[in-house]
Amino acid sequence: MSFLRNRAGIIIVGAIGFAIVAFLVSDAVQMGGSLMNSNQTEVGEVDGEAISVLKFNEQVELNTNNFKQQMGQSNLDPQMTSYIIENTWNQQVSKILMDKEINRLGLQVSKNELNDLITGKNPDPQILQNFGDPQTGQLNRVQLNSFLDNIKTQDAKSPVSIQWTSFLLNIRENKLAQKYNNLVKNSLYVTSLEAKEDYNQRNRLANFKYVNLEYASIPDNQAKITDQDYKDYYNENKYRFKNLQETRTFEYVVFDANPTKTDTADTKAIVDKTAADFRAATNDSLFVSINSETKMPVSYVRKGQLEAALDSAVFASSNGAFIGPIFSNGQYKMVKVLNIKSSPDSVKASHILINPATEGGVDKAKAKADSIAGLIAKGASFSELATKFGTDASKDKGGDLGTFARGAMIPAFEEVVFNGKTGDVKVVTTQFGVHVIKITGQVGSSRVAKIAMVDKSLASSSKTQQLAYSKATSFLSTAKDGESFDASAQKSGYSKLIAENVVATQSSIPGLDNPREMIRWAFGADKGDVSEQVFEMGNKFAVAKVVDVFEKGTLPLEQVKKQIETAVRNKVKARMLTEKLTAARNGASSIEQVAQKAGRPVTPVQNIVFANPVIPGIAQENKLVGTIFGSQPGKLSEVIEGDNGIYVFVVNGFSSPAPLTNVFKQKVQVSQALVQRAPGEAFKVLRDKADIKDNRVKFF
């Protein structure tokens, strides 16, 4: 409960803000080389600078703890964990690349400049967030100076000093990033010609008529694709098939071990007995700690804190009621309602935290807290005593904790402040230490319920688990290679699922909760390999086979054939339809004659702009609209091959917008759009040019 820990969310946002200040494009960072054969102590490398797994893990742990504090969660699911690891990786890559570029450019933040960002006339936003007066929004210089004086008395290796140093580094790095971004932004310039062109592209209107033949008009089985068709399309569009990072496609067979009817009946019998014992229990806290899975403390809850069915039942009951068992979200829950009463909606309080570790134990800390409470009772200033004796961040605010609702503090602390009255001074011991608490205000009033809750999950029995595992191992014993994997699955009637284009850091695949072990295996295997083990994921067991390996770089034709099949077939259809529409156009002097010969209607279109090339009723047709704006009115066009079909058109005319009277304003608008994209685009260039090796799959 220190200054910087309470503000960890703000500080880490600052850190990540710098790290990803230009990382606006969410493409995954490139991976390199043979993933499973690289250095066993490095999680990655950026332009020759190694990222050690030890330091990376430290940063992951820091970000994880911060995430838990911000979200109010003690446990994270695999997807959240994967998200944190990905963010941490992006932090590291971004920081290294930005540091290299900033050093190359010679950008610096001097000591005087840093001091000015802390105590100057225009302090850094992070300083304002942490030391600002919430009433005025201005910097509270008394509070800031008090904190700085306190820092001077701290040992350089103390947690507070280390955190403050890290905080200052974040401010410095943010300032460097700001300078770099300003350098990029200030290098942009929009000419008057560009501003006028942008204005025309957004406001010049085209009116035209067209006749089209859609690719969908030809059944797929009538459009035969040759190998040459594939080659031609591939060679013309090779730039589309650049794989930024290695991916794998694998098939897998899943064996479920979900609870059976017998498991459900057995669990229900245990729950019913537990409920009977719970009703008769005289020590509810002890019973909950022994029998509940989540072990929610016996405490007051406000309406809306529990899940809907349980919440309604609790607040419709009276003191002494027993509710449940209720089954919801895979759990049986039962509740004793111990007390229902009216309580403040929120409380404003201050505290002085005494740390037992520095006082020689809890007893001595309690004795000191009692002495402080005695001084307060005699009229001493709570605020002054908090500043003098407090050991957490609130000391810099005279112990003020602000206003908070139920659920914001730990139960023992809440029990005191929500059950007391304004003006009370209490001493309470929690896992954080001994608190001297003063209730300075209570707001509102609503019903709360003190409950004791026991829950038990519906789980599969060991017999059910073993049966599913036995099926999986039996299948694995017959699936020695790719061919036998397929044959055995077909013979046994097992369905094969497929995970396509999986990246090494992916956290989920269809049908499985936490497939990281399987994904890690896939990235160490070759095409056609079958896993040598059964993967266990909760109530599911799986056996996998690698179908394909897509290396980093331009993918070969054989690996993209399936991906481009529709586009290639449309090319074949375009040839077939072009012959028909060309015949209809030949000799025609009007669009109506083309329509008559082609057996298609003439479709009029009004008010299309170049900047939004969407044809009503069809889709986006860039080539068609681009050709239209480069055509002469009244002239019948050649056949145009689009994305959805082929077209012949005639332009009726263009409606030019009013002359641009304020070129400067238009330049500013275009420039603003460029400025918004500039940091991301600049960083994308740095990233694309960098040699980045991502070995995370070895460790996570």
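Me: Where does T88 sit?
Reply: In this predicted model, T88 lies in helix α4, which covers residues 78-105.

Me: Is T88 buried or exposed?
Reply: T88 is buried, since its relative accessible area is 0%.

Me: What does the side chain of T88 reach, and at what distance?
Reply: The side chain of T88 reaches the backbone oxygen of I84 at 2.7 Å. If neighbours within four places in sequence are left aside, T88 is in contact with F56, Q59, V60 and N63.

Me: Switching to aromatics, how many aromatic pairs does the count come to?
Reply: The count comes to 23 aromatic pairs. One of them joins W164 and F167, whose ring centres are 5.3 Å apart with the planes at 35°, so this pair is tilted.

Me: How are W164 and F167 placed in helix α8?
Reply: W164 and F167 are 3 residues apart in helix α8 (residues 159-186), and therefore about one helical turn separates them. W164 counts as buried because its relative accessibility is 6%, and F167 counts as buried because its own value is 0%.

Me: And what about F250 and Y252, what kind of pair do they form?
Reply: F250 and Y252 form a tilted aromatic pair, with 6.2 Å from centre to centre and 55° between the planes. F250 is buried at 0% relative accessibility, and Y252 is likewise buried at 0%.

Me: Which residues do ring pairs link into a cluster with W164?
Reply: The cluster linked by ring pairs consists of F131, F147, W164 and F167.

Me: Which ring does the charged end of K561 sit over?
Reply: The charged end of K561 sits over the ring of Y230, 4.8 Å from its centre. In another place R204 lies over the face of F654, at 4.0 Å from the ring centre.

Me: How many bridges join β3 to β18?
Reply: Strand β3 (residues 205-214) is joined to β18 by 5 bridges, and the two run antiparallel. Within this pairing, F208 has V605 in β18 as its bridge partner.

Me: What is the phi of N607?
Reply: N607 has a positive phi of about 60°, although it is not a glycine. N607 is found in strand β18 and counts as partly exposed because its relative accessibility is 46%. For context, most residues other than glycine have a negative phi.

Me: What about K295, where is its place?
Reply: K295 is in the loop between α12 (284-291) and β6. K295 also has a positive phi, of about 55°, without being a glycine, and at 41% relative accessibility it counts as partly exposed.

Me: Then β6 itself, what is the order of the strands in its sheet?
Reply: The order is β6-β13-β8-β7, which is an open sheet of 4 strands with antiparallel pairing. Both β6 (299-302) and β7 (322-328) stand at the edges with a single partner strand each, so one side of each has no neighbour in the sheet. On average, neighbouring strands of this sheet are turned by 45° against each other, direction ignored.

Me: Which residue is the bridge partner of Y300 in β13?
Reply: The bridge partner of Y300 is K450, and β6 pairs with strand β13 (residues 446-457) in the antiparallel sense over 4 bridges.

Me: Which helix packs on this sheet and touches β7?
Reply: Helix α11 (residues 261-280) packs on the sheet, touching β7, β8 (331-343) and β13, and its direction makes about 30° with that of β8. Helix α13 (residues 308-315) lies across β6, β7, β8 and β13, and runs at about 130° to β13.

Me: How many residues lie between β7 and β8 in their hairpin?
Reply: There are 2 residues between them, and N329 in the turn has a positive phi of about 55°. The antiparallel β7 and β8 are joined by 5 bridges, and I326 stands opposite K333 in β8.

Me: Last one: which residues does a cis peptide bond join?
Reply: The cis peptide bond joins G324 and P325, with omega at about 5°, and P325 is found in strand β7.

Methods. Residues numbered from 1 in each chain as written. Predicted model: local features only at pLDDT ≥ 70, side-chain atom pairs only at ≥ 80, totals over all residues. Heavy atoms only, no water. Phe/Tyr/Trp six-rings, centres within 6.5 Å; stacked < 30°, edge-to-face > 60°. Buried < 20%, exposed > 50% of the residue type's maximum accessible area, 1.4 Å probe, protein only. Lys NZ or Arg CZ within 6 Å of the ring centre and 35° of its normal. Pairing = 2+ DSSP bridges. Polar contact = N/O pair within 3.5 Å; in protein donor to acceptor, adjacent residues only side chain to side chain. Contact = heavy atoms within 4.5 Å. Axes fitted to C-alpha atoms, helices over the stretch in contact; angles between N-to-C directions.
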